[in-house]
Structure formats: C-alpha cells, structure tokens
Amino acid sequence: MRAFVFPGQGSQHVGMGQALAEAFAPAREVFEEVDEALQENLSRLMFAGPEDELTLTRNAQPALLAVSMAVIRTLESDGHRVPDMAALVAGHSLGEYSALTAAGCFALADAARLVRLRGEAMQEAVPVGEGAMAAVLGLDIDTVADIARRASTEDEICVVANDNAPGQVVVSGHRPAVERAVELAREEGARRSVFLPVSAPFHSPLMAPAAERMREALAQVRLAAPTVPVVANVTAAPEKEPETLRSLLVDQVTAPVRWRESVERLKAEGIEEVVEIGAGRVLSGLVRRIDRDFSLRNIAEPAELEAFAAQL
C-alpha cells in the first residue's frame, strides 16, 4: 500500500516546477490556473526568483501547492486517479492543503487563494520580531514539551509547534521564551538548537488572529469529501468527513503538527511506500528518521514522474 505526502514551507526554491512546466501541458495549466486565481505571475517568481521574494510566506505557500498539484494533474492526465495510486494522503502544515486538493476536497483556484490568505494571515498575526521558532535536536518530545512549559511565563509563551521526527522537535512562541527554551534544551543535553528563518511563530496560540481569518475564509469555500482519507496534522488520524476537515484546518493554525505520529499511523494502516509529491526532499528525510522500513520515492522532476507512472 502507498501513501502520498505533501511538503510544507521550507521546501521552496527558485526553479521549482519549471522543468515540469516545460515537459507537461497539464503542469503548465496548473501554474496558469494558480496565476489566474491569485491575479499575479507567481510562476515567474517560482521559476526565476528572486529567492527572498519567493521565501515570503504569502508566496511560498501557493508556490508549493502549485508544484504538488502540477505533479498530481500530470499523473491524472494519464488516467491515473489518486484513489488508484494512494490509499492515504497527508501533508506537513501547508502541505495539508495540497493533500486535500489532491484528494478532491478543494478546487485548485480556491486552494490557491486559501493558502495565499493563510500565508498573509500568519505573517500579520504577530508583529515581525516578536515571535520566533527553533528546532531542538537530540531530545524527545516529552522533554521538549516540559522545557517549553518551563520557558513560558504569564506574558510570554513557548509551545511545541512540530513533532517532526525522533530527536527533531520545533518550538514556537514569543522570542524571549523561545530563547529561554533553547538555553534550557542545552542544559538538558540537546545536541543543538537552530533558530528557524521564519518571520512568525507558526503553530502556536499567538496565531489565533490568523486562525479566525481562516475560519471565515474556509466557511465560504466548498469542501467536498476526500476521495482518499487524509491523515490530519491535528489528530494524526485518517479523516474523511468534510466538516471535520474544515474545522481541523482552522485548529491547525495554532496547534502542533503531529508529523511523527502521522507517519506512525501510516505504518499502522498498512502503508509500505511513501511518495513525496512536490518540491524538496524534507519529508522523505523525516519519514526515514521515523521508520526505516518504508520504501521512499520523490516526484518533483519529469524523470521522477515518468519513472513512477511507468510502474503504476
């Protein structure tokens, strides 16, 4: 059994999707549709940069969605339906929108507008400089959760934002609290901690204003039942009910990404092969750290797509 997984922010890079657009008409149509939905030439920014502009949350999120959907649409154009290719789908943070779109929940134009708004809302929820995120390496989730609690005060919070893999946990919150957590992690024997190059404390209660904006936007958009179950970030369990999925997308903005548990659930559901659909190889690396038994594959370039399609 196979699962498709979809990358989140951090996997973007200049040149993403360009080879797909040159090789496949359905991929070109995806990029044109996203450009049209956003009323701007995002594809030119993806293909040519500049990198600092592509990295902005408001651009990176729809760009990653577009590349993942370019792969899916190209496979579908050959007659391969997602339910025939994958038993489950999952996405990391922003990637959950790509997973839902691949599973037929959202129209592509709606998804592009939603993730553009999500990027803007998350960016604007906290003044630049007030929040921070840091990856703590070499400590388990329970230890890091305890450190985050100890680093928090009445006025400054720090929480677990991403449980990515054994020994890789991300904390998020007010900058001084995150700095205290990094110091406490060093004292607890963390291998090291790395501040992430992000402009806001994602997946923390500080994102509550962004969650409210997403609640309003999601209420206006049609969300169909998925053609395959989606393992959700918030529950780390397969979900199929549209209204549950809608409310989990709101919760996801302030809740931790339970990626390690999501991958463990894929294994429990009988998944043997995990295919990362879209830019970068971040998720493949995390999946390998979580469980080396999985067979792994990436599809971001034409040759990778053709090789995968040939063995379907």
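Modeller: In this predicted model, contact means that heavy atoms lie within 4.5 Å. By that criterion, and leaving aside neighbours within four places in sequence, N233 is in contact with G91, H92, S93, E96, Q252, P256, V257 and R258. The residue is found in the loop between β7 (230–231) and β8 (238–239).

Biologist: Why is N233 called buried?

Modeller: Buried requires a relative accessible area under 20%. N233 has 0% relative accessibility, so it counts as buried.

Biologist: What makes the pair N233 and Q252 a polar contact?

Modeller: A polar contact needs a pair of N or O atoms within 3.5 Å, one able to donate a hydrogen and the other to accept it. The side chains of N233 and Q252 make such a contact at 3.4 Å, a value that lies within the cut-off of 3.5 Å.

Biologist: What is noted about the phi of H203?

Modeller: The phi of H203 is near 55°, a positive value in a residue other than glycine. H203 lies in the loop between β6 and α11. With a relative accessible area of 2%, H203 is buried.

Biologist: Which form, cis or trans, does the peptide bond from G49 to P50 take?

Modeller: That bond is cis, with omega near 10°. Most peptide bonds are trans. P50 lies in the loop between α3 and α4 (51–54).

Biologist: What makes β8 and β10 the edge strands of their sheet?

Modeller: The open sheet has six strands in the order β8-β7-β2-β1-β9-β10, with mixed pairing. Strands β8 and β10 (295–299) are its edge strands, as each pairs on one side only. Helix α15 (residues 302–310) packs on this sheet, touching β1, β9 (273–277) and β10, and its direction makes about 130° with that of β10.

Biologist: How do you know that β1 and β2 pair?

Modeller: Two strands pair if at least two bridges are found between them. Strand β1 (residues 2–6) and strand β2 (residues 88–91) have four bridges, in the parallel sense, so they meet the criterion. Within this pairing V5 stands opposite A90 in β2. Four bridges also join β1 to β9, again running parallel, and there the bridge partner of V5 is E276.

Biologist: Why is β1 described as largely enclosed?

Modeller: Five of the five residues of β1 are buried, so the rest of the structure largely encloses this strand. In a regular strand the side chains alternate between the two faces of the sheet. Both faces of β1 are covered, with R2, F4 and F6 buried on one side and A3 and V5 buried on the other.

Biologist: How do you know that the span of helix α8 agrees with its number of residues?

Modeller: The expected span is 1.5 Å times one less than the number of residues. For the 17 residues of α8 (residues 108–124) this should give 24 Å, and the end C-alpha atoms are 24 Å apart, so the two values agree.

Biologist: Why is α8 called largely enclosed?

Modeller: Twelve of its 17 residues are buried, so the rest of the structure largely encloses α8. Among the buried residues are L108, A111, L114, R118 and M122. The covering elements include α2 (25–38), α5 (57–77), α7 (95–102) and α12 (242–252).

Biologist: What makes β4 an edge strand in the sheet of four strands?

Modeller: That open sheet has the order β4-β5-β3-β6 and antiparallel pairing. Its edge strands, β4 (158–165) and β6 (192–195), each pair on one side only. The twist averages 25° from one strand to the next. Six bridges join β4 to β5 (residues 168–174), and V159 stands opposite S172 in β5. Helix α9 (residues 141–151) lies across β3 (131–137), β4 and β5, running at about 165° to β4. Helix α14 (residues 282–290) also packs on the sheet, touching β4 and β5, with its direction at about 80° to that of β4.

Biologist: Which domains does the assignment give?

Modeller: The domain assignment gives domain 1 (2–125 + 206–310) and domain 2 (131–199). Their C-alpha centres lie 26 Å apart. The contact takes 14 residues from domain 1 and 14 residues from domain 2.

Definitions and conventions: Residues are numbered from 1 along each chain as its sequence is written. This is a predicted model: local features need pLDDT of at least 70, side-chain atom pairs count only at pLDDT 80 or more; totals for chains, interfaces and linings use all residues. Side-chain values use heavy atoms; hydrogens and water are left out. Helices (H or I, at least four residues) and strands (E, at least two) are DSSP runs, numbered from the N terminus. Buried means under 20% relative accessible area, exposed over 50%, partly exposed in between (1.4 Å probe, protein chains only). Axes are lines fitted to C-alpha atoms, for helices over the stretch in contact, and angles run from 0 to 180 degrees between N-to-C directions. Domain bounds come from an automatic or database domain assignment.
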